[in-house]
2 protein chains.
Amino acid sequence: MRVNELGEFGLIRRIASLLPSPPSDVVVGIGDDVAVLQMPTGELLLATCDAQVEGVHFVRSRITPYQLGKKIVAINVSDIASMGGTPMWALVSLVLPSDMEVDFIDDLYRGMHEQIESAGAFVVGGNLSKTKQEMVIDFSLLGRIAPEHLVLRRGAKEGDHILVTGALGDSKAGLELMNRPELIVSTAARRRAEERHFTPTPRLREGQVLGRSGLVHAMADVSDGLMGDIVHICRASRTGAEIWAFELPIGSACNEVAALVGQDPGSWALTGGEDYELLFTASPDAVPDIQKLLLDETGTPCTVVGRVTGEGSGILVCMKSGEKIICSPGHAGWDHFSQS
Amino acid sequence: MRVNELGEFGLIRRIASLLPSPPSDVVVGIGDDVAVLQMPTGELLLATCDAQVEGVHFVRSRITPYQLGKKIVAINVSDIASMGGTPMWALVSLVLPSDMEVDFIDDLYRGMHEQIESAGAFVVGGNLSKTKQEMVIDFSLLGRIAPEHLVLRRGAKEGDHILVTGALGDSKAGLELMNRPELIVSTAARRRAEERHFTPTPRLREGQVLGRSGLVHAMADVSDGLMGDIVHICRASRTGAEIWAFELPIGSACNEVAALVGQDPGSWALTGGEDYELLFTASPDAVPDIQKLLLDETGTPCTVVGRVTGEGSGILVCMKSGEKIICSPGHAGWDHFSQS
């Protein structure tokens, strides 16, 4: 069997099954985007990594090294944010063609530093290797969190409302504009779509406020697409979910670009991915307090987009017409191997 | 300018210069193989990473995935050992061709797990990405150490003796046998050379014993070759060094294979690299105690191979004849970009 037949998440499950049960200091291990590790002193350490592969995740002619540097940091900060944590230290592993221009590295680090500084963290080391082929940037980020503020994917409860910060689909609009530069859209839509795709802002402060509130049961960031990420929450929590498609906060650039190319903006908002918003669940009673707290502390709105259902109910997308579409996990969100 | 003109260590210095001074919680940052990070509770966290790139660091037809898994863990454990630390948790970032056999991954993880378990640590997460090209394995390892047991590269003092554990050059002999499979050597030499090259044993317990002894001033592991690694210690400590070539503990396989191919085994021991022995400095008075302690606690011998000299004295290799060869740092040890 080959890895593309197994798929990304199948391969992750297989890897987890190859290893023995983790020791007690591993609070969350393989299978989550972030490992949660118990320090002997009581505090929790968070550790995550994400690789950007040239020709797969980015094309050098279509993203500046400065943007690429910012983006790879943002992706990892978003993972730490999705648990309510505080980013601290990063390792950068670069696999570079020997003939790469040093200017590229300068701009890459300028972008990385700017983004990591705004998260209060620092690049503390890494590794350099050469390659005869295309470049790979693997970024590892460590963070900290007090145990009482930690939010995991696995805490969703049946009856919870499902909420998402900000708006969805603009990153997908940015990807579309990158792939079809001939499209003519408003300056505002182009700026927003490109910013959301190339230099996303992780919801760090939002994640911390949500974690400290004690009101959030489960949380993930929207990296694989809302449908993909709700699957992660439901799997970890042993629940189902209903997503109310007609309640989705759709970004303005998503609406404009999708209309222009004859696509459904709601579909982009559901499955586009790389929005780096936070997706979380909470008791319906707590929703007004959460919305007020988040808006007061960060200026970011959040919207109820569905509800958590019982285990075995599957993941349903509910349309305004009352129609319900059953989504099997395998058909929602980004899988790094199945799409090639 | 291109990265191969700058070289690996030139590029590392350039990257360090692009970033502001590290915050006070970064005890050791960019430029060392391991970052040393101050937790608020007083304990130190160690973080290192190392990438193995197909076609550069390994060739899939010449190393089994099981060996490769063991080796990538050993390399990182050796880095933690070189500070006296205790490995704890690892992240594995795999960049894989989509058509790779799942069996390869199974064997890779079997090797990784076996090696990491023997170090008392655990794989807690990572990332999977696909590539259209060759595979990359980036392995990040976190460890812990009490501040009073930490040994850095930068503590060498003029007049110190320089010591190395075990024996040198056998890994280079293994590389030679891999590249020239037609060579006929004794079974014992082949076994030892291949074991040292493909599945090196990191000197973990030795590093911990040396760290806890309080007698060691500076330490590094021999990954780039003794000459390359003594340069790291001297640069960090602002010293020079004399290496006594006639005192080097040369491995038995190195002696046999080098003789067979008409090469100088001493030269392999000096610059071969990937020995994963520990190179350290200590006051001459402390040497007998260190040798006894290490032998008693771990069964591993260590040998005096030189002495630390003043800043500006350079790095000299002293021959039995009394001849002294001046080595400039640029011509000793492994540089990932200058050799292509």
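Two strands are taken as paired here if DSSP finds at least two bridges between them. Please keep in mind throughout that this is a predicted model.

With that, strand 4 of chain A, residues 86-97, and strand 5 of chain A are a parallel pair, joined over nine bridges. Within that pairing, A:Leu94 sits opposite A:Leu128 of strand 5.

The pair belongs to an open sheet of six strands in chain A, with mixed pairing and the order 1-2-3-6-4-5. Which strands stand at the edges? They are strand 1, residues 26-28, and strand 5, residues 122-131, of chain A; each has a single partner strand, so one side of each has no neighbour in the sheet. On average, neighbouring strands of this sheet are turned by 20° against each other, ignoring direction.

Now to what packs on the sheet. Helix 3 of chain A, residues 65-81, touches strand 3 (44-53), strand 4 and strand 6 (136-145) of chain A. The direction of helix 3 makes about 145° with that of strand 3 of chain A.

Helix 3 of chain A also packs against helix 4 of chain A, residues 102-118. Their axes are 7 Å apart, at an angle of about 40°. The two helices are therefore oblique to each other, and helix 3 of chain A passes helix 4 of chain A in a right-handed crossing. On the helix 3 side the contact includes A:Tyr66, A:Leu68, A:Ile72 and A:Val73; on the helix 4 side, A:Phe104, A:Leu108, A:Met112 and A:Ile116 are among the residues met. By class, this contact has ten nonpolar, three polar and four charged residues.

Helix 5 contributes residues including A:Asp170, A:Leu175 and A:Met178, while helix 6 contributes, among others, A:Arg190, A:Glu194 and A:Phe198. The count by class is six nonpolar, three polar and five charged residues.

Definitions and conventions: Residues are numbered from 1 along each chain as its sequence is written. Chains are lettered from A and ligands numbered from 1 in the order in which they are written. This is a predicted model: local features need pLDDT of at least 70, side-chain atom pairs count only at pLDDT 80 or more; totals for chains, interfaces and linings use all residues. Side-chain values use heavy atoms; hydrogens and water are left out. Helices (H or I, at least four residues) and strands (E, at least two) are DSSP runs, numbered from the N terminus. Axes are lines fitted to C-alpha atoms, for helices over the stretch in contact, and angles run from 0 to 180 degrees between N-to-C directions. Contact means heavy atoms within 4.5 Å. Angles under 35 degrees count as roughly parallel, over 145 as roughly antiparallel, 65 to 115 as roughly perpendicular and the rest as oblique. A crossing is left-handed if the near helix is turned anticlockwise from the far one by less than a right angle, and right-handed if clockwise. Ala, Val, Leu, Ile, Met, Phe, Trp, Tyr, Cys and Pro count as nonpolar, Asp, Glu, Lys and Arg as charged, and the others, Gly among them, as polar.
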